[in-house]
Amino acid sequence: MTEYSHEHENQDGYRKNSLSLWGAVSLGTGVMIGAGIFALTGQVAQLAREWFVLAFICGGIIAGFSAYSYVKLAQAYPSAGGIAMFLSKAYGKGSITAIFALLMYFSMVINESLVARTFASYTSQLILFEAQWLIPALAVGLLIIAFLINILSNEFIQTFSFFMAFVKAAGLVVLAAGGLWASGVQFESISAIPEEASTGGILAGIALSILAYKGFTTITNSGGEIVDPKRNVGRAIIISLAVCAVIYVLVTLAVGSSLSIDEIVKAKDYALAEAARPVYGETGLWITVAFAIVATVSGVIASAFAVSRMLAMLTNMKLVPHSHFGMPGSIQKHTLVYTIVMAMILAAFFDLTRIASLGAIFYIVMDIAIHWGVLRHLRKEVKANVFILLSAITLDIIVLAAFLWIKWNSDPLVIWASLIGMALITAGEVLFLRRKRI
């Protein structure tokens, strides 16, 4: 298969060397912090109970094992639309690549809607009235803003993302440090004996926490645009994961020092804002919500930037159907429209818990496929370590199995939705590629 060409690069809005190392880091941390700590703290606590801080730590460790394959692949095959290219190298330009690439694509779209709903949940804390339509309306409004910003230049997006990433990272560190200092480093929710936490619940919490780190994969989708990609894609991934892991540990410890588990779970859609009340009062609530808005806005923008490029890559590889629908501009602009519209539908009609669960299932299944592809087909070519690859696959399977078991017993609709979604993707791709060959 030919590499992504300069002709495609210009035609679809890609610009070689238009993203610096720190621009790539800001995109990765933008997605991770936006989706991770604000959206998932309460939901992970609901599953892992008093072990929720440990769940985030273990999620980071598993993400580190996962990142190994992506770093090796990015060093060998840096390109725009990274994951689609990685799968193609491992499985060829056929239905297997298309199916797993679309699982990644839809997990990223789900991530956008998750972050948009999180933005709405935090912003609604500042609004004096309650209405059923408020959360969906705010989420859809953010996605529209993300679309408008993403049609601007790469330079503007990376400058915006870098500024936003710095503001929210610094702000979260200050809030977390203040919370820990005010509490005297007393951890109300994590010092209790975890009588209510089951092994399955802890593993399910770890599976969900992996979503908080999966944003590093957006860096690979911009590999063809990063300066010196063979060196800087891997560096950007490692730096992003390290920064986010430190922030997550600090913030979850601060939340655990301010609230009991039941209080965290009760306010799971805006847990960080609720944790600020005992320490900082109403002023802290406003500040935390402001940081949440910054984090989620930049997260949606960074995610839309990367995922639309991935779908454009699949389109140019002729692995998915494409229609202009009368729209002007490049294919990448069209895929941006499709991505935003699908995220709007999810954000308008699904709650945070189910959105996060679907995203976790799709992502972990795709992640296993990446590791297996490297192990089975590319290990020698990319000089990958067998032990690390097997460890990554094993860890993914364990947490996915536990997550599916917990959801089957508590919310089987999530399992059916994920199975139906994967079946539709598989059937659609098989039919499309079969007709293309005729």
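Predicted model: local features only at pLDDT ≥ 70, side-chain atom pairs only at ≥ 80, totals over all residues.
Helix α3 spans residues 37-48 and is mostly covered, with 11 of its 12 residues buried.

Although Arg 49 is not a glycine, its phi is positive, at about 55°. Arg 49 counts as buried because its relative accessibility is 10%, and the cut-off for buried is under 20%.

## Lys 383

A second residue with a positive phi is Lys 383, at about 60°, and Lys 383 is not a glycine either. Lys 383 sits in the loop between α15 (352-382) and α16 (386-410). Is Lys 383 buried or exposed? With a relative accessible area of 67%, Lys 383 is exposed, since the threshold for that class is over 50%.

## Packing of α7 and α14

Two packed helices are described by the angle between their axes and the distance between the axes. For helix α7 (residues 134-150) and helix α14 (residues 331-349), the axes come within 9 Å and the crossing angle is roughly 170°. Helix α7 is therefore roughly antiparallel to α14, as angles over 145 degrees fall in that class.

On the α7 side, the contact is made by Pro 136, Ala 139, Val 140, Leu 143, Ile 144, Phe 147 and Asn 150. On the α14 side, the residues are Leu 336, Val 337, Ile 340, Ala 343, Met 344, Ala 347 and Ala 348.

## Nonpolar surface patch

Trp 408, Leu 413, Trp 416, Leu 419, Ile 420 and Leu 424 make a nonpolar surface patch of about 650 Å². Which helix gives the largest share of the nonpolar patch? Helix α17 (residues 412-437) does, with five residues.

Ile 420 is one of the patch residues and is found in helix α17. Ile 420 has a relative accessible area of 49% and so counts as partly exposed, because exposed requires over 50%.

## The chain as a whole

The protein chain has 17 helices and zero strands. Of its 438 residues, 60% are buried. The accessible surface comes to about 17100 Å², and carbon and sulfur atoms account for 67% of that area.

Among contacts between residues at least 6 apart in sequence, 83% join residues at least 24 apart.

Definitions and conventions:
Residues numbered from 1 in each chain as written. Heavy atoms only, no water. Patch = residues over 30% accessible without salt bridge, like charges linked within 9 Å, V, L, I, M, F, W, Y side chains within 5 Å. Areas by Shrake-Rupley, 256 points an atom, 1.4 Å probe, with all protein chains shown as cover. Salt bridge = Lys/Arg side-chain N within 4 Å of Asp/Glu carboxyl O. Helix = DSSP H or I, 4+ residues; strand = E, 2+ residues; numbered from the N terminus. Buried < 20%, exposed > 50% of the residue type's maximum accessible area, 1.4 Å probe, protein only. Axes fitted to C-alpha atoms, helices over the stretch in contact; angles between N-to-C directions. Parallel < 35°, antiparallel > 145°, perpendicular 65-115°, else oblique. Contact = heavy atoms within 4.5 Å.
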